[in-house]
Amino acid sequence: MTIRSAIVLAGGEGMRLRPLTRHRPKPMLPAGTKPILEHVFDQLIDAGITDLTVVVGYGRTAVQSHFGPSYRDVPIEYVVQETQLGSAHALAAATSTIDETTLVVNGDQLVDSDIIGETMKCHDSTVGATLGVISYADVTDYGGVLVDDGTVTEIVENPTDGREYRLNAGVYALEPDAVEIMTGIEPEAGEFSLVDGLSTLLEDGIPIAAAATDGMWIDATFPWDLLEVAETLFESTTVESHVADAARVHDTATVIEPVLIAPDCVVGPGAVVGPYTCLGENVTVGANAVVEHSVIDSDTRIGANATVIDCVTGRGVGIGPDSTVVGGPGDVHVGETIHRNEALGALIADRAVDEGGVTYAPGTIIGSEVSIRAGTTVDGSIDSNTEVR
Amino acid sequence: MCGIIGVVGETEETAAVDVLLDGLSQLEYRGYDSAGIALANTELNVHKAQGELEALESAVSRPALRGSSTGIGHTRWSTHGPPSDANAHPHTDADEQVAVVHNGIIENYQALRDELTAAGVEFASDTDTEVVPHLIASHLAAGDDPERAFRRAVDRIEGSYAIAAVFAGEDAIYGVRNESPLVLGLGDDASYLASDVPAFIDHTDRVVYLEDGEFVRLGPDGVQVTDADGTRVETTVETVDWDAADTGKSGYDHYMLKEIHEQPTALRQCLRGRVDELEGDISLESLADLEQSGPVQFVACGTSYHAALYGAALCREHGVRATASIASEYTTDRVPVDEDTLVVGVTQSGETADTLRALREASRAGGRTLAVTNTVGSSITRVCDHALYIRAGPEIGVAATKTFASQQLALTLLAASLSNTSSHREIESLRAVPDQVQTVLDTSQAKAIAEEFVNADAFFFIGRGLAYPVALEGALKFKEITYEHAEGFAAGELKHGPLALVTKDTPVFAIVTGDGKRARKTISNIKEVEARDAPVIVVTDGESEAERYADHVLEIPATDERGATVLANVQLQLVSYWVANLLGRSIDKPRNLAKSVTVE
């Protein structure tokens, strides 16, 4: 059936994406040069949605100020989820807006419009819900769905039992009375997810259909996944290599496609940008600097003669002249956990600044507003607001 | 000054009454003391109510009024007579043959009123406007048709005005403008007239800007524009690029807070395409052919005047002879102007009557004129030789926030352009400003400061150099939305009098940026305040030792002095917002104020 209204859940921080989420939620992290959420909106609007409700919470001003009252002429209604107690709790915040069949999607995962379209197409009001599912190599870290002849039989979070699971793509078509049931139950242990709600529907004998596609689905679990997200966007031609008109690239600079260079960027003489490099709004690449296979967020300045490989930055980062992000692979330290051999040169969070001549060992994580003295070599994980001397 | 809307014709979805009431809601920024509408059938149907538009909405039944296809509406900001039902527009004659809405001031209204009273007319209101329907009625009584009666009445009045009138038994609106804005909208099945485009942008984006002295008749057969003699005038139809949807609150409690958070985006738009860091160039498209060697005089009012002070100070730093004047005083003072003078009018709306008057006089005296405004197609752009747009996007909150920041950046570009001084370094620091504003928004402690000092007796703001206009603006913002006593002073001036007001219950906000001579002198002024036990809140980049003398600190990122004052202002905007919010004030529509002041 045709569905016109969608609720997008964009209120969660995404703690595993720290330190990039210090001032904004995961849906506002860059997929290429646009926030993940903007891609989600694009796919929804391309699939025919004309009425958007967004549940916001953590870092909500980042969402509200980026999109304003409408996106691509589709009005946006914002609903505030004051405390984040799971996705069903988020949906509950928006139930007053639901009086017809509604699409509910996660705002922090990239899906293509085929998944959305197929979910709508499969849905009719004989079922309480239709779930978008895809074949996916490994569902252990995600939501697994068992499907029998187009009908969902069981939903398991992080399944490990080797049955033939499909992946829950986080796209749901819901009937109003199903929403009522899903949001009406008391959470068992603090958080209360949509999957808990769907399981309740199954227990109550309300049928859930599965809409299967092999469309694109990407989730950034860790900050360095943003590199892979950008690569997938290029490879799947979801985005095309592009240099904005309002960007200034010096005649002697070299751009190796695919790249995304956003408005107001400046690329200096002799610099080399690309391939697989995304420069957000107003990024500066100094003379003779090299930036390769990196996602550089807005207002970051890369100094002259710097080399930046396999790097993810937040906003307003300063990589000084002659500094070097060596490139991956490297071991990444997050708290007590070590992620071995990740393809990460360095992750540098919002407004961290180095004075120049700094070397970043593979897999280094720099917190926000860190300042690093000239000539230092950094590695491991450095907490926000510290000075490295 | 007020907002006017009118419509002739109806579409399937919207009857005239809906166009009027919905249009008025888009014009409330122009005034919200009282509102009213008049619909024309064989008789006139007039409804009005004191208070915000909601009062009128609840006083009328939309369905009952959907039979009319012609009507006018008005939202008022009082100039003559207090807000009341009687003083609300539209005004009519005794027999309700004609209803009139008016924006502006009729300067000879007392003489006309005396004359009409002597002839036996009884007035129902204290307004200057009411003379118009009575004058029209007297001409109708003498046998004139409505159009002729309208023209003869307008002939008699002096002052600034945009007027629209409807007559019983006629499907038409008659309008005229002189120094007050009036714009026409051309739809497929209906024609519109309003003080500003947003009033009818939901229905059409094809507009005609009426010029001073022009008359218009909107009828079922379309729109006819004529001059004072009744000769047909050829008009230019423009298509406006205005996203009507851009005017929601997008999840914020107030437009003001939304607009404060929109500043990084607004500033990016202001700079886009105008600065080139690779070449170290600043280029302002509209000023390419402007060679300036003589003095520069800025004229403006309110918040824009503070931006003008900032712009003039920047020009002087670059060696350009520049002054800033309050527009209404500029005309009173008869400031000398010759053909070497560039007069720069700064106005967000482009409709500020005092500023327009100053520019018209400067133009008559032979000076060249430049408009610095946010509003494409506004009156000021047609009065001035050149226009520089600040590109801040629509601002709905009556207290100007993002438009002040955008004015600051636009005037920084102007000062560099007029003095032919721009450097890679300067452009680098300009390009950093949007993100630095974002940093302030992400980290500001203004809410905690507001909670601590909300009950203080008075609030003072001090600054030196470029921070002086920002201190004035900080205090003005505070007054506008908190209704508390606030004053801004040049830091060095405090000891010459105002220090007498300083007590332990009067927090002093001091702007200290950098670590130069100016910062050190301001720190001395802070010590003077501290010695009188006043709590000191320092807005600073932490470069100087100002924090040592402060009770509280509002931090801003380190940058040059120009950028720093933009950032300091954002902190002060947030302090004002949170104090007003704690006091439960009407933040987006503060009492007695209107956004666009189109009367002198």
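Student: Are α8(B) and α12(B) roughly parallel or roughly antiparallel to each other?
Tutor: This is a predicted model, in which local features need pLDDT of at least 70, side-chain atom pairs count only at pLDDT 80 or more, and totals for chains, interfaces and linings use all residues. Residues are numbered from 1 along each chain as its sequence is written, while chains are lettered from A and ligands numbered from 1 in the order in which they are written. The axes (lines fitted to C-alpha atoms over the stretch in contact, with angles from 0 to 180 degrees between N-to-C directions) of α8(B), residues 302-317, and α12(B), residues 402-418, come within 9 Å and cross at roughly 25°. Angles under 35 degrees count as roughly parallel and over 145 as roughly antiparallel, and α8(B) and α12(B) are therefore roughly parallel.

Student: How many charged residues are in the contact of α8(B) with α12(B)?
Tutor: Contact requires C-beta atoms, placed from the backbone, within 7 Å. The residues that make it include Y310(B) and L314(B) of α8(B) and F404(B) and L411(B) of α12(B). Nine of the contact residues are nonpolar and six polar, and the number charged (Asp, Glu, Lys or Arg) is none.

Student: Does A137(B) count as buried or exposed?
Tutor: A137(B) lies in helix α4 (residues 131-141) of chain B. Leaving aside neighbours within four places in sequence, A137(B) contacts D93(B), D95(B), Q97(B) and V98(B). Burial needs 20 or more other C-beta atoms within 10 Å, exposure 12 or fewer; A137(B) has 21 C-beta neighbours inside 10 Å and therefore counts as buried.

Key. Helices (H or I, at least four residues) and strands (E, at least two) are DSSP runs, numbered from the N terminus. Angles under 35 degrees count as roughly parallel, over 145 as roughly antiparallel, 65 to 115 as roughly perpendicular and the rest as oblique. Two residues are in contact if their C-beta atoms, placed from the backbone, lie within 7 Å.
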